[in-house]
Amino acid sequence: MDGSVRLDEVVMRFGDFTAIEKTSLTIGSGEFFSFLGPSGCGKTTLLNIVSGFLVPSQGQVFIGEEPVAGVPVNRRPTAMIFQNLALFPLMTVFENIEFGLEVRGVGKKQRRETSERLLALVALEGSGPKQVTELSGGQKQRVAIAGARAVAPRVLLLDEPLSALDLKLRQHMRAELKSIQRKTGITFIYITHDQGEALTMSDRVAVMSAGRIQQVADPMTLYRSPATGFVAAFVGENNRLESRLVDREGQRVRLDGGALGELVGSAGEGVSLGNGDRVALYVRPEHLKPVAADAAGPRLEGEIEAVHFEGASVMLETRLTASGEKLRVQLGHEVSRQYADSLTVGQRMTFGYDPADAVVLPDDGSAVVDETTGEMVESRTAAGGAHVSSA
């Protein structure tokens, strides 16, 4: 069965507030697709529109190329797994999985055969007679998936189902969810604010900000070639350096970094940049390396303010000497060993980067990080300037 989902110019308003700006998007049948963004960006609202819990103010939703306007929640070919899982604590595992089938009038024998098959699928054979309260957090997640799968949906909707789990269990369940999705072949639409979840599990990801989709791409493209300043700052860690564009030759651009002097980077894919434009250069911490003070290429000198040992790497918190801006530098194991004697608070170091690894994007003001809290400072006006529709 076709499990594709298409949003055609969907808008959602609550009174005078527009929660979802005009959005068009196609999700392929059998795809693991994630909506990623901060709280309040509209991702759960979109999920509720697909499920039927919300009726869009404008536009249409298609599932398998069939419009679902007016089709109630219980008749749509979808099933939803909520953050709290919505399991019945006084029922057994069997009863939880079979509940949806019983409501639909499926016979007892067929219900039991289905629940046993699904328990095997989620690696919980023999757990059917147990009470839900006897299960671990990860096991409950798998029961919820089995229960949702029991009604044979074409599309499974998951609203931050791993957020209540501890780190190790979340990491384990990421692999479990992806494995189950591959085995079943049904479309997964996943909502999360955790970029690790989105990048690890998804075939494609839509990054959302202030009711708009900023970019839709596979995880590697999102990380390596962000289309907007918001995506560059939200997906993974990034250093942001404001500057002005001096000239451009193909993708390579030369910048005036003010107190930082000349900077060099690569223009973001598909963005329009002209001489004199205000831009921001984004260079990830892992792309910065210690270099000699007189080394060729772009250089940034800073004073180390903190050193964080992270096992496989060392993260340096530095302050740029010329501008006072904060710069984060991540050194791999071998490099950190090589410079071990220099990695001390108060030490000045010079860092270089490959211009091909530094993305230059228009400075839309939408991706500023508060140094005190470490949180993204997001302007609805600025973030709204880069709407992306994707098929």
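Strand S17 (residues 313-320) runs antiparallel to S18, and 7 bridges join the two. Within this pair, Met315 has Gln330 of S18 as its bridge partner. Strands are taken here as DSSP runs (E, at least two residues) and helices as DSSP runs (H or I, at least four residues), numbered from the N terminus. Two strands count as paired if DSSP finds at least two bridges between them.

The model is a predicted one, in which local features need pLDDT of at least 70 and side-chain atom pairs count only at pLDDT 80 or more, while totals for chains, interfaces and linings use all residues. Residues are numbered from 1 along each chain as its sequence is written, and side-chain values use heavy atoms, with hydrogens and water left out.

**The sheet around S17 and S18**

An open sheet of 5 strands, with antiparallel pairing, has the order S15-S19-S16-S17-S18. Strand S15 (289-290) and strand S18 (326-332) stand at its edges with a single partner strand each, so one side of each lacks a neighbour in the sheet.

**Overall form**

The protein has 10 helices and 22 strands. Its C-alpha atoms fill a box of roughly 80 × 45 × 35 Å along the principal axes. Of its 391 residues, 49% count as buried; buried means under 20% relative accessible area, exposed means over 50%, and partly exposed lies in between (1.4 Å probe, protein chains only). The accessible surface comes to about 17800 Å², and carbon and sulfur atoms account for 48% of that area. Accessible areas come from the Shrake-Rupley method with a 1.4 Å probe, and for residues only the protein chains shown count as cover.

The chain is divided into domain 1 (5-223) and domain 2 (225-377), with bounds from an automatic or database domain assignment. The centres of the two domains, taken over C-alpha atoms, are separated by 37 Å. Across the boundary, 15 residues of domain 1 are in contact with 11 residues of domain 2, where contact means heavy atoms within 4.5 Å. Among contacts between residues at least 6 apart in sequence, 67% join residues at least 24 apart.

**Strand S12 and its neighbours**

Strand S12 (residues 252-256) has a covered face formed by Val253 and Leu255, whereas Arg252, Arg254 and Asp256 make up the uncovered one. In a regular strand the side chains alternate between the two faces of the sheet. S12 pairs in the antiparallel sense with strand S11 (residues 239-249) over 5 bridges, and Arg248 stands opposite Val253 of S12. S12 also pairs with strand S13 (residues 262-267), again in the antiparallel sense and over 5 bridges; here Arg252 has Ser266 of S13 as its bridge partner.

The hairpin of S11 and S12 has 2 residues between the strands, and its Gly250 takes a positive phi near 65 degrees. The hairpin of S12 and S13 has 5 residues between the strands, and its Gly258 takes a positive phi near 65 degrees.

**Helix H1**

Helix H1 (residues 43-51) is largely enclosed by the rest of the structure, because 8 of its 9 residues are buried. Among them are Leu46, Leu47, Ile49 and Val50, together with Lys43 and Asn48. Gly52 follows H1 and has a positive phi, near 100 degrees.

**Residues of note**

Ala79 is placed in strand S6 (residues 78-81) and counts as buried, at 10% relative accessibility. Not counting residues up to four places away in sequence, Ala79 touches Ala148, Val151, Pro153, Val155, Leu156 and Leu157. The C-alpha atoms of Ala79 and Ala152 are 8.5 Å apart, although 73 residues separate the two along the chain.

Most residues other than glycine have a negative phi, and most peptide bonds are trans. Two residues other than glycine with a positive phi are listed below.
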